[in-house]
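Here are my notes on the model you sent. Please read them with the structure open.

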Amino acid sequence: MSIDLKTIKHISKLSRISLDEQKAEKLASDLNSIFEFIEKLNELNTDKVEPLTSVAETTLKFRSDEVKSENIREQIIKNSPENNEDFFVVPKVVE
Amino acid sequence: MSDITNQSLTSLVNNIKNKKLSSEEVTQAFVDRSEKSKELNAYITEDFSNAINKAKKFDQNPNLDLKLPGIPMAVKDLFCTENIRTTAGSKILKNFIPTYESTVTQNIWNEGAILLGKLNCDEFAMGSSNETSFYGNVQNPIDNGLVPGGSSGGSAAAVSGRLTPITIGTDTGGSIRQPASFTGTVGLKPTYGSCSRYGIVAFASSLDQAGPMAQNVEDCALLQEVISTYDKKDSTSIDFKRNDHSKELTKNIKGKKIGIPKEYRVEGMPKEIEDLWQKGIQYAKECGAEIIDISLPNTTYALPTYYIVAPAEASSNLARYDGVKYGFRAKGENLIDMYEKTRSEGFGAEVQRRIMIGTYVLSSGYYDAYYLKAQKVRKLIKNDFDEAYKKVDAILTPSTPSSAFKIGEKKDDPVSMYLNDIFTVPVNLAGLPAISIPAGHDASGYPLGLQIIGKAFKEQEILNVAYAMEDKINFKNKITDWWIK
Amino acid sequence: MTKDKSEYLIERHNNVYEVVIGLEVHAQVTSNSKLFSSSSTKFGAEPNTQVSLVDAAFPGMLPVINEFCVKQAIKTGIGLKAKINKRSVFDRKNYFYADLPQGYQISQFKYPIVGEGTVILDMPEGQKEVGIERLHLEQDAGKSIHDMDPQNTLVDLNRSGVALMEIVSKPDLRTPDEVSAYIKKLRSIMRYLGTCDGNMQEGSLRADVNISVRLKDSKELGTRCEIKNVNSIKFMQMAIDYEANRQVDLIEEGKSIDQETRLFDTKKNETRSMRSKEDAHDYRYFPDPDLLPLEVTDEFINELKADIPELPDDKKKRFIDEFKVSPYEATILVSDIETAKYFEEVVAKMGKNQDIKLAVNWITGELFAVLNNKNLEISQSPISAKNLAKLVNLIKNGTISGKIAKTIFELMIDGDKDPQTIVEEKGLKQESDPKALEALIDKIIDDNREKAIEYKNGKEKLFGFFVGQAMKVSGGKANPQLINEILKKKL
C-alpha cells in the first residue's frame with residue numbers, strides 16, 4: 001500500500017501540524033518506507049490472539065473521593081504563553 | 001581526570017560517609033569537569049551554582065544515613081524538576097518551568113543527592129542518536145563526531161565522560177540500553193511498573209520506564225533501589241516487594257539458566273557482534289551459569305509492532321502541547337491556525353513524523369489493521385518470553401546490532417535508525433527488566449554491550465548476572481578526554 | 001400536524017412521517033472531587049481555581065481514578081435495571097479544542113461500565129418502556145468563553161475532569177412529550193440515588209438529541225442528525241420539532257439528509273449544521289495506556305445494590321397499595337424524591353386518624369402553587385411537613401373548615417407558623433356547637449322571611465343564599481356540614 005499526499009494532508013489536519021508541499025512530500029516518502037517495514041506484521045495470523053494493552057498484569061487502583069488540590073491558579077497559569085491572571089487566553093475560536 | 005570524578009558512585013558515597021570527602025568537594029569537582037566539557041553538549045540546563053550551595057548546606061549538617069549523601073547528579077531532561085526548566089529536548093517546552101517534581105527524581109533528592117543540571121536527550125525521547133534534540137547533538141566521549149546513542153544520549157555521555165557520578169535515563173524502546181552500549185556504560189531498564197512515571201514527560205505510556213545509567217553494576221544497583229518505589233500517583237505503578245539491590249548483589253550465579261535466543265542472530269549482523277555474543281556466553285559459563293538455547297519466534301515482528309504502538313501513544317500524549325497552557329506558541333489567525341503553526345514550528349521533524357505515524361495507525365479505517373494488529377502481536381511477543389522463562393532465569397543477547405555510528409550517518413534514513421533498537425524493543429513490549437553492560441570493543445575501539453533480560457520484577461537476578469559477568473569481562477573504557485581543552 | 005395527543009406525526013402531501021429519537025444524556029456525577037484528580041467539583045467557583053496539574057494536563061501528569069465516581073456510575077446502572085460490566089476500559093477520544101487540555105477526553109468507548117437497561121415512562125396513555133443502550137464514565141471538558149474579550153477566547157478549566165455519566169438511550173422515543181418524560185424520569189432516578197443532582201441550569205444534565213424521520217409503519221431507520229448539547233427540556237422539544245420538520249421537508253423535496261452534527265440556536269429556534277467540526281471528526285479512540293482496565297467484583301456490586309434506596313417505580317406501587325392514592329397522584333408524588341419524602345413525612349405526622357386524600361390535595365394543590373409562585377423546590381418549602389399535617393388534621397377533625405384552612409395556610413407561609421396557634425390566636429376555630437348554630441340560623445331565617453317562603457315554594461337555589469349568610473355572619477367559622485343539616489331542617 002502507499003500513503004498519498006492527500007492522506008498525509010488529512011493526518012496533518014488531524015494532528016494539527018501544518019505542512020507545506022515540500023514537507024508533505026518528504027513525509028509521504030518517509031512514511032511509505034516506514035510502513036513498508038511495518039507491513040511485515042501481515043505475515044502473522046492473529047485472528048485468535050487477545051490484544052495486549054498493558055503489560056502491567058493488575059487492575060486499576062482506586063483513589064478516595066477527597067478534595068486535596070488547593071487553588072493553585074497562579075501556578076497553573078504561570079507557564080502559559082498568554083494569560084490574563086484569571087484565564088488561559090487563546091486566539092478567537094471560529095466555529 | 002581528577003581523583004574525585006574518576007571514582008564510582010559507591011566509592012564517592014563511602015568517602016562522604018567516612019568524611020574523607022565533603023559533598024562540596026565532590027560537587028565542585030563534577031561542576032568543574034562539566035564546565036570544561038561544553039564540547040560534549042551533554043547539558044541542556046545547568047544548575048551548578050545552586051548545586052554547590054546545596055552541597056555546602058549538606059556539609060553543614062550532613063545526614064550520612066542517606067543512600068546518596070550529598071552526591072551531585074545530573075538527570076535526563078525528561079524528568080520534571082521543580083523550578084528548573086524541563087524541555088524534553090524540544091523547542092515546544094523551551095521555557096517550561098515545572099512547579100512540581102517527578103517521583104523518581106524526588107526519590108533521589110530524598111536520599112540526599114543534589115541536582116547538577118538537566119541532560120540532553122532526543123526530542124521527547126524519540127531517537128537513537130540524540131540528533132533529534134532541539135538543543136543540538138551530543139558528542140560521544142569515546143570519539144569526536146560519534147553519536148552517544150539515544151534517546152538518553154546526554155545521560156550516557158555525562159556518565160561516560162564523568163560529568164556526573166551516575167544518572168537516570170528513560171527507556172521506551174532501548175533509550176537507556178543502546179546509549180549505555182554506545183558509551184561503555186551500564187544501563188538498566190526496570191520492569192514496567194517498577195519506577196513511577198509521575199512527572200516524566202511521556203512518550204509512550206505503556207512502554208516508558210525510568211532507569212539508572214552508571215559506571216558499573218554496583219552503582220546501578222544502588223540507584224535502582226532508590227528510584228524504584230510504588231507510587232499511587234501512577235495507576236500503572238505496581239506494588240511488589242522491592243529488593244535492596246545493592247545489599248543483595250552477589251557474583252554467585254552458579255546454576256542459573258541463561259537462555260540464548262536464536263532469533264537474535266539477525267541477518268547482516270556484523271561479525272564483531274556475533275563474536276561479542278559468543279564471548280558473553282563463554283563468560284556466563286565461566287561464572288557457573290548453564291547456557292540453554294531458546295526460541296523467541298516472534299522477535300522479528302517486535303520492531304514493526306513497536307513502530308505502531310509507540311507512535312500511536314505518542315500522537316495522543318503529545319496532543320497537550322498545543323500552545324495554550326505552557327510552552328511555545330506561534331502566532332495564529334485563530335485557534336486552529338495557532339495550533340497548527342505552534343506544533344509545526346515547535347516540534348522537530350522526527351517528532352512530527354512519529355505523530356503522523358501514530359495518527360495514521362489510529363485513524364478510522366486503519367485501527368484494526370495497524371493498532372489492533374500490533375496489540376495482538378505484542379501479546380505474542382510477551383507469550384514468547386513467558387514460554388522461554390519456563391526454562392531459563394535470564395536471557396543473554398547483544399544490546400545493539402552495531403557500535404556507535406557517526407553523527408549524521410543515519411539521520412535522514414528513519415528506518416535504518418529504527419533498526420538500532422532491534423534487540424532492545426522486544427523487552428519494552430513485554431515489560432521486562434533488562435540491563436546492558438559493556439563487554440568489548442569493535443575494531444575502532446568503540447564499546448559494545450551485552451544485554452541481560454530478566455523475568456518481570458527480577459531486577460536482582462539480572463543485576464547479579466551482570467555483576468558476575470562484569471568481573472570476568474573486566475571492561476576498560478577507552479576515554480582520552482579529547483574534548484577537554 | 002399532530003394527530004392525537006399520544007401520536008406525534010408529521011403529514012406532508014398524504015405522506016405521514018414518524019419521528020425517531022434517541023438521547024445521549026450527559027449527567028454530572030455527584031462527587032466531591034474529579035474523576036481522575038483530587039480537585040473540587042463545586043459549582044460557581046472563580047475561574048481556574050479548581051484546577052490541578054492533572055486537570056490542566058501538565059507534562060508527566062497521570063490520571064488516578066476516583067472510587068466514588070465508579071460507585072455512582074454502578075448505582076445509576078442498577079437504577080436503570082441495567083447490566084453492570086465487571087470489566088470496563090477507559091479509552092482516549094482524541095481531538096483538539098481550547099478547553100480540552102490533554103488533547104483527548106478520557107471516556108469509555110468499546111467497554112462501558114454499564115450495559116443495556118430500561119426506563120419506564122408514565123405517559124397519559126399508559127406506560128412506555130425505553131431501552132438504555134449503555135452508560136459510561138467520562139471526563140467533562142473546560143469552558144471556552146467567547147464573549148468576554150473581542151479578540152480572544154478565554155478558557156476556564158474548573159469543569160475540566162469532572163466526572164460525567166453518558167447515558168445513551170435506544171432510538172425508542174417518538175414524541176417531544178416522551179423526550180420530556182424520559183429526561184424527567186432519568187433525573188428522578190438519579191436524584192433518588194444521589195448520583196446526579198440533575199440541575200440543568202448549572203449544566204449538570206445536558207443532552208445530545210439524535211433524530212431521524214421515516215414514513216409511518218416503515219421499519220427502517222432514516223438518516224439521523226445529532227443535535228449537540230441541548231440544556232433544557234423546552235429547548236429539546238423545540239429542537240426536535242424544528243429538526244423533524246426540516247428533515248421531512250428535505251425528503252419531500254427529494255433531497256437527502258446528511259448524517260451530521262447540528263447545533264440548536266435558541267434565539268432563532270432553529271438547528272444549524274456544525275460542518276466546520278466535521279473534518280476533525282476522527283476521534284482515534286484507543287485504550288488509555290495510563291489507565292488499566294477497571295475491574296469490579298460481584299461483592300463490590302452487591303454492596304452497592306444493598307445500598308440502593310426505593311426507586312420511583314417501586315415507591316409509586318407502594319403509594320398506591322399502602323395509601324390508596326390514584327396512579328396519577330402517585331406519579332406526581334414520586335416524580336421527585338423530595339416530594340415523596342415530604343408526602344411521607346406529612347402522612348407520618350398526621351398520625352392515626354389520617355385523611356391521605358386530603359393531604360395529597362393540599363400538597364399538589366395549595367403547596368405546589370406556592371412553591372411555583374415563589375420558584376422554590378419542595379425541599380425549601382416555607383411550610384414544613386409537620387405543620388401541613390397539622391393543618392390537614394384540623395380540617396379532618398372539624399376544628400376548621402376548608403375555607404378557613406386556606407386563610408390559615410396563607411398565614412403559615414410566613415415563618416412556618418403552627419396552624420393550631422393561628423387558630424387560637426385569631427379565634428378561627430370552627431363553630432360546631434349545634435345550639436349556637438341553630439340560634440344563628442333562626443336569626444337569619446327571621447331576617448329573611450320572604451326568601452325563606454320563596455324557598456319553601458320551590459326556589460331551591462336559594463339554599464345557597466342561606467348557607468352564604470350563615471358563613472358570613474359567623475365570619476366563616478360555622479361548620480358547613482352542620483349548617484347544611486340545620487338549614488334543611490329549619491327551612
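1. A caveat comes before the rest. This is a predicted model.

2. Start with chain B against chain A. The contact takes 53 residues from chain B and 39 residues from chain A. On the chain B side, the elements that give two or more residues are helices H10 (302-317), H11 (335-346), H12 (349-362), H13 (368-388) and H14 (414-418). H13(B) gives the largest share, 10 residues. Sorted by class, this side of chain B has 25 nonpolar, 16 polar and 12 charged residues.

3. Chain B also meets chain C. Here 31 residues of chain B are in contact with 25 residues of chain C. H10, H11 and H12 of chain B are the elements that give two or more residues to the chain B side. The largest share is three residues, and H10(B) provides it. The class count for this side of chain B is 13 nonpolar, 10 polar and eight charged residues.

4. Now look at helix H11 of chain C, residues 419-426. Its residues C:Pro419, C:Ile422 and C:Val423 are buried. Viewed down the helix axis, the buried residues of H11(C) fall within an arc of 100°, so they line one face.

5. What covers those buried residues? The cover includes helix H9 (385-396) and helix H10 (402-413) of chain C.

6. Turn to the face of H11(C) that points away from its buried side. Exposed residues C:Glu424 and C:Glu425 sit there.

7. Check the backbone just after H11(C). There, C:Gly427 takes a positive phi of about 60°.

Notes. Residues are numbered from 1 along each chain as its sequence is written. Chains are lettered from A and ligands numbered from 1 in the order in which they are written. This is a predicted model: local features need pLDDT of at least 70, side-chain atom pairs count only at pLDDT 80 or more; totals for chains, interfaces and linings use all residues. A residue is buried if 20 or more other C-beta atoms lie within 10 Å of its own, exposed if 12 or fewer, and partly exposed in between; C-beta atoms are placed from the backbone. Helices (H or I, at least four residues) and strands (E, at least two) are DSSP runs, numbered from the N terminus. The arc is that of the directions from the helix axis to the C-beta atoms. Two residues are in contact if their C-beta atoms, placed from the backbone, lie within 7 Å. Ala, Val, Leu, Ile, Met, Phe, Trp, Tyr, Cys and Pro count as nonpolar, Asp, Glu, Lys and Arg as charged, and the others, Gly among them, as polar.
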